[in-house]
Amino acid sequence: MLLPHGVTGVNLAPHWRGRERFVILDSAWDNGERYRAILAAWRADEQRPRRLHYIAIADPALPGFRRIPQPDDLVTLDLLHAAPEQALAQLDARPDAIVLHRHGAAMVRPLAKLATPGTLLFADGLSEEQGEALAKAGFVPRAGGPSIFASRKPFAPRSSPGERRAIVVGAGLAGSAACERLCARGWQVTLVERHAQPAMEASGNLAGIFMPLLSKDDNIPTRLTRAAFLFALDYWEKLGGIGRAIDGDQCGVMQLARDAGHAQVQRGIAQLWGYPAEFARWLEAGEASSMLGSPAPDGAWLFRNGGWARPGSVCAAMLAACGDSLTALFGAGGIRIERCDGQWRVIDAAGAVLAQAPVLVLANGIGATAVSEASALPLASVRGQVSHLDESTAPALPFVLCREAYLTPASHGIHSAGATYDLNDSDPQVRQSSHDENLAKVRSLLGDENIEAPLRGRTGFRCVGPDRLPLVGALADATPTGRAERLRDLPRHPGLYGLLGYASRGLIWAPLAAELLAAQLEGEPIPLERSLAEALDPARFMLGRARKHDIVASSPSRDAANE
């Protein structure tokens with residue numbers, strides 16, 4: 001097999017045969033022609049590895065790592081939208097082969113950090129000085145073939161699951177996504193849900209909105225939400241698409257500026273980052289008002305690829321995609337968890353063992369803290385009431401409208417508006433005071449003080465962490481002592497993982513979080529920058545000095561307000 005665009009004589013077949021997975025790192029994506037050639041060769045080889053993972057450094061116009069779901073679940077494509085040195089420094093992967101193009105000597109050291117003994121290096125157009133630097137770093141040249149990395153430095157073996165069997169507790173967005181991502185990798189999964197059907201709690205609203213988050217400093221929540229938003233769009237399309245297999249509409253989202261000062265900040269963000277218009281476009285007041293059909297005096301962001309979806313339909317599509325690899329146990333009621341002989345067991349109220357497996361994923365929100373091993377997690381339950389407005393109550397909207405709250409276009413005769421953000425409030429009833437709060441925000445959004453509606457809606461409870469980021473990964477086997485300074489120094493409960501704390505962004509966080517966890521379980525390259533994955537580690541609250549973790553008493557709509 002020859003690779004186009006200058007890297008010639010590259011025959012990967014002798015190197016990838018007999019392997020479970022083969023990981024390729026390409027230092028330049030260009031137009032993807034090399035990827036397509038390698039993919040075709042992989043498909044044509046009857047002795048190919050079961051899984052092919054291709055990573056390429058690409059144009060950093062929209063920064064961050066992007067995992068793009070492929071038609072074949074056995075193929076993974078990651079594009080690293082960053083400067084080469086930055087991309088390699090943040091990459092958590094062990095490539096089996098590296099395709100290196102004309103880059104400076106600055107890439108040598110990060111490549112050597114990623115390589116393991118036996119990693120192949122196919123180089124193109126390097127200077128003699130660069131070749132010498134690579135050889136000094138451990139890439140031993142061979143006549144007529146690729147260089148091979150040789151090092152005496154010890155390397156930890158790549159982890160892989162002993163058994164691909166897992167239990168997932170919770171059938172909301174988090175748990176349903178976990179089931180689908182594990183089943184796609186050949187796992188046998190048992191789903192345990194206390195209710196009679198999926199999406200009965202926080203994932204049971206009629207509509208959830210999906211949109212990116214922007215910030216001037218491109219902070220961790222912004223970067224995570226951008227990666228998750230882009231992944232979710234591709235992932236939902238693979239499941240059958242919004243408006244088809246999934247109830248919803250990719251109609252766009254308009255986010256109004258709060259006031260003139262806030263609008264000025266948004267103009268600065270637009271100028272600084274220069275987002276592609278299909279991702280995020282700043283509209284001045286005249287254009288925003290014209291598109292909305294009502295006043296938008298301070299301008300707005302338009303997210304063309306945003307929209308709304310019914311979370312329950314997303315859960316249904318994900319669970320349906322699992323096929324025969326999933327065993328679903330609904331109506332389990334109250335359960336308890338125990339570990340025995342290397343297996344996690346889920347036991348019902350009568351003492352019967354419902355399921356057992358070496359891996360247990362807690363994806364049941366605040367309910368996870370009832371498990372002793374997860375009881376120290378600093379999670380809180382936040383009440384949210386959504387109001388349901390008759391279609392005749394509000395004007396027809398061409399897209400979702402949001403600011404301090406959101407209002408969806410009508411579907412099945414109903415607009416969804418909300419949601420409240422009520423700390424320390426366990427009232428499950430739909431109440432007039434919360435309805436009035438939602439209506440006040442709708443009137444402000446539309447500039448219409450005459451909107452009224454009867455009391456109708458739904459109450460749910462979000463699971464929220466202190467930093468408003470999700471908890472994704474292995475649960476730590478300790479209490480905060482202030483002694484550990486590195487995540488890798490913290491002991492973990494064997495086989496126990498969490499997908500928790502999705503707050504108000506479960507719709508778009510769930511697919512990528514599940515993909516991250518599945519990659520960790522498989523020992524695969526992860527789909528996020530290393531620093532982002534560490535920011536989501538459930539053990540992060542145990543690092544450094546003992547801290548008091550308080551939930552921030554602010555509306556989730558402020559998270560989306562691009563502070």
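User: Not counting residues up to four places away in sequence, which residues does Gly 175 touch?
Analyst: This is a predicted model. In it, Gly 175 touches Val 168, Gly 170 and Ala 363, with residues up to four places away in sequence left out.

User: Where does Gly 175 lie, and is Gly 175 buried or exposed?
Analyst: Gly 175 lies in helix H6. Its relative accessibility is 0%, so Gly 175 counts as buried.

User: What separates the C-alpha atoms of Gly 175 and Gly 460?
Analyst: A distance of 17 Å. Along the chain, Gly 175 and Gly 460 are 285 residues apart.

User: And Ser 176, what is that in contact with, leaving aside its neighbours within four places in sequence?
Analyst: With those neighbours left aside, Ser 176 is in contact with Gly 170, Ala 171, Cys 315, Met 318 and Leu 319. Ser 176 also has its place in helix H6, and at 0% relative accessibility Ser 176 counts as buried.

User: Let's stay with H6. At what angle do H6 and H12 pack?
Analyst: About 40 degrees, with the axes 8 Å apart. H6 covers residues 173–183 and H12 covers residues 506–522. That angle makes H6 oblique to H12.

User: Which hand is the crossing of H6 and H12?
Analyst: Right-handed.

User: Which residues in H6 meet which in H12?
Analyst: In H6 they are Leu 173, Ala 174, Ala 177, Ala 178, Arg 181 and Leu 182. In H12 they are Gly 506, Leu 507, Ala 510, Pro 511, Ala 514, Glu 515, Ala 518 and Leu 521.

User: Now H7 and H10. How do those pack, angle and axes?
Analyst: H7 (residues 220–239) and H10 (residues 311–321) pack at an angle of about 65 degrees, and their axes are 10 Å apart. The crossing of H7 and H10 is left-handed. On the H7 side, the contact is made by Tyr 235, Trp 236 and Leu 239. On the H10 side, it is made by Val 314, Ala 317, Met 318 and Ala 321.

User: Change of topic: cores. Which members of the largest nonpolar core touch the most other members?
Analyst: Phe 210, Trp 236 and Leu 499 do, in a core of 83 residues. There is also a second, separate core of 23 residues, which includes Val 23, Leu 80, Leu 111 and Leu 114.

User: Backbone next. Where is there a cis peptide bond?
Analyst: A cis peptide bond joins Gly 418 and Ala 419, with omega about -5 degrees. Ala 419 has its place in the loop between strand S25 (414–418) and H11.

User: What is phi of His 412?
Analyst: Phi of His 412 is near 55 degrees, a positive value in a residue other than glycine. His 412 lies in the loop between strand S24 (406–407) and S25.

User: Is His 412 buried or exposed?
Analyst: Exposed, with a relative accessible area of 73%.

User: And Arg 468, what phi does that have?
Analyst: Arg 468 has a positive phi of about 65 degrees, although Arg 468 is not a glycine. Arg 468 is found in the loop between strand S26 (457–464) and strand S27 (471–476). Arg 468 is buried, at a relative accessible area of 9%.

User: Last one. Which helix is Glu 437 found in?
Analyst: Helix H11, residues 432–446. Glu 437 is partly exposed, with a relative accessible area of 32%. From Glu 437 to Ala 405 the C-alpha to C-alpha distance is 9.8 Å, and the two are 32 residues apart in sequence.

Note on methods
Residues numbered from 1 in each chain as written. Predicted model: local features only at pLDDT ≥ 70, side-chain atom pairs only at ≥ 80, totals over all residues. Heavy atoms only, no water. Core = buried A, V, L, I, M, F, W, Y, C linked by side-chain atoms within 4.5 Å. Buried < 20%, exposed > 50% of the residue type's maximum accessible area, 1.4 Å probe, protein only. Axes fitted to C-alpha atoms, helices over the stretch in contact; angles between N-to-C directions. Helix = DSSP H or I, 4+ residues; strand = E, 2+ residues; numbered from the N terminus. Parallel < 35°, antiparallel > 145°, perpendicular 65-115°, else oblique. Left-handed = near helix turned anticlockwise from the far one by under 90°. Contact = heavy atoms within 4.5 Å.
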